[in-house]
Amino acid sequence: MIKTRSLPVSPDQQLRNVGWNWMLGTDTVPYLTNEVVVVKPEETDAFYEAANQLFEMLVEAGQTVIDQNRFNELGIPQNLVDLIKLSWNDDRHIQLYGRFDLAGGIDGQPIKLIEFNADTATCIPETAVVQYAHLRANGLDEEHQFNTVYEMLVEQFREVLEQNKDLQPTLLLSAMRGFPEDDSNVAVLGEAAREAGFTVDFEYIDKVEFSVEEGLFKQNPQNGQFDRFDFWFKLLPWEYIGYEEPDLAHILTEAIRRRKVLVLNPAYSLLFQSKYILKVLWELYPYHPLLLQTEAKPLTDRPCVEKVLFGREGANVRIMDENGKVKAQADGEYDEYPKIYQEYVDLPQDAAGNRYQAGVFFAGEGCGLGFRRGGVILDNGAQFVGHVVE
């Protein structure tokens, strides 16, 4: 049973005190509840260890996909395969961060991997900043939270600079227009990058200019000139670039090969983003305590969850019983992608019957915990719930 505790003082003033006013009035604060999940120190230790172990296992699974040329099974566009290999084999291309979605971990329930959001993971402001501000607003300190997300992002950006000294420390952050949540996530990343030593700017993706020979640019509104950037963080999925923007896939492949730009997260994050990697993990580590059985066909001896390879926020998910009967489903726009089938595990619940899914950020190591709360299928209407360690 999930236990929650009320922290009645809103984090608004704390956010103002640290200069994060830009987060107020966005869509990140209203859906942060005044309740927090009560977590024991040994439970946060287990979440930390699970994230570190799972990332090592994912690296093995990614190497397996490359060695066995299984990109097609993962639904990866052919026009990104060269770039995936190039970024995988060059240690200068660093996985900046990602987020593990996990079942269990509370009240004796075993931790199980649901999926890894490797490419364009969100919930950064809520996890890194807002829940910490909420803690401080109620007289508690960092010892009462498993949360070094911001600090580890700074370290990761420093490592990116250290590994790429041949490039200028100029970073352009980009998101798609019309998604304020994405803007907030990118803004936190920008703060961390500045602290690490980058010169940082922002431009919506539809305004970014790309060139095979020169890399990428944005137009400077002051003088009309085009400013060039050596690093690009894009909150735009790699599979979208491959399938919907093949010209851009080609330009990025050549520009990255020529060291005209380095993109975060790297193209190889698509190996981890494809939910087919869950099947590869099960092949490599069958019955591993952190894994759920995952197959290309529905499981016939137990309930399972049907997922599309590149779905997001619960879209196009169907929960099926052992006879294949659909018990719950969510609509979405990703139905054209192939499916995988993962053993169903119920999420921990509170006294009111709300279900909780743990999100553990990974940035070089496990570095932060938050929870999403909702119904049987957690969709984009799920609430974010912070935590307190007691």
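Which residue stands opposite Cys304 in E14? Met320 of E14 stands opposite Cys304. The legends below begin with an overview and then turn to close-up views.

This is a predicted model, in which local features need pLDDT of at least 70, side-chain atom pairs count only at pLDDT 80 or more, and totals for chains, interfaces and linings use all residues. Residues are numbered from 1 along each chain as its sequence is written, and side-chain values use heavy atoms, with hydrogens and water left out.

**Figure 1. Overview of the chain, with its 10 helices and 19 strands.** Helices (H or I, at least four residues) and strands (E, at least two) are DSSP runs, numbered from the N terminus. The C-alpha trace spans about 60 × 50 × 35 Å along its principal axes. For 390 residues a compact globule would have a radius of gyration near 21 Å, and the chain agrees with this at 21 Å; the radius is taken over C-alpha atoms, and the globule rule is 2.2 Å times the number of residues to the power 0.38. Of the 390 residues, 59% count as buried, where buried means under 20% relative accessible area, exposed over 50%, and partly exposed in between (1.4 Å probe, protein chains only).

**Figure 2. The open sheet of five strands, in the order E12-E16-E13-E14-E15.** The pairing in this sheet is antiparallel; two strands pair if DSSP finds at least two bridges between them. Strand E12 (294-295) and strand E15 (326-329) are the edge strands, each pairing on one side only. Strand E13 (residues 304-308) and strand E14 (residues 318-320) are joined by three bridges in the antiparallel sense.

Figure 3. E7 and strand E8 (residues 215-219) run antiparallel and are joined by three bridges. Leu216 in E8 is the bridge partner of Phe210. Axes are lines fitted to C-alpha atoms, for helices over the stretch in contact, and angles run from 0 to 180 degrees between N-to-C directions.

**Figure 4. The packing of helix H2 against H10.** Helix H2 (residues 41-67) and H10 pack at an angle of about 100 degrees, with their axes 9 Å apart. H2 is therefore roughly perpendicular to H10, a term that covers angles of 65 to 115 degrees. Residues of H2 that make the contact (heavy atoms within 4.5 Å) include Met57, Leu58 and Val65, and those of H10 are Ile277, Val280, Leu281 and Leu284.

**Figure 5. Leu278 in helix H10 (residues 277-284).** Leu278 is buried, with a relative accessible area of 7%. Leaving aside its neighbours within four places in sequence, Leu278 is in contact with Leu113, Ile114, Glu115, Thr294, Ile340 and Gln342. The C-alpha atoms of Leu278 and Leu291 are separated by 8.3 Å, although the two residues are 13 residues apart along the chain.

**Figure 6. Strand E19 (residues 383-389) and its pairing with E18.** E19 is mostly covered, with six of its seven residues buried. Strand E18 (residues 366-374) pairs with E19 in the antiparallel sense over three bridges. Phe384 in E19 is the bridge partner of Arg372.

How values were computed
Parallel < 35°, antiparallel > 145°, perpendicular 65-115°, else oblique.
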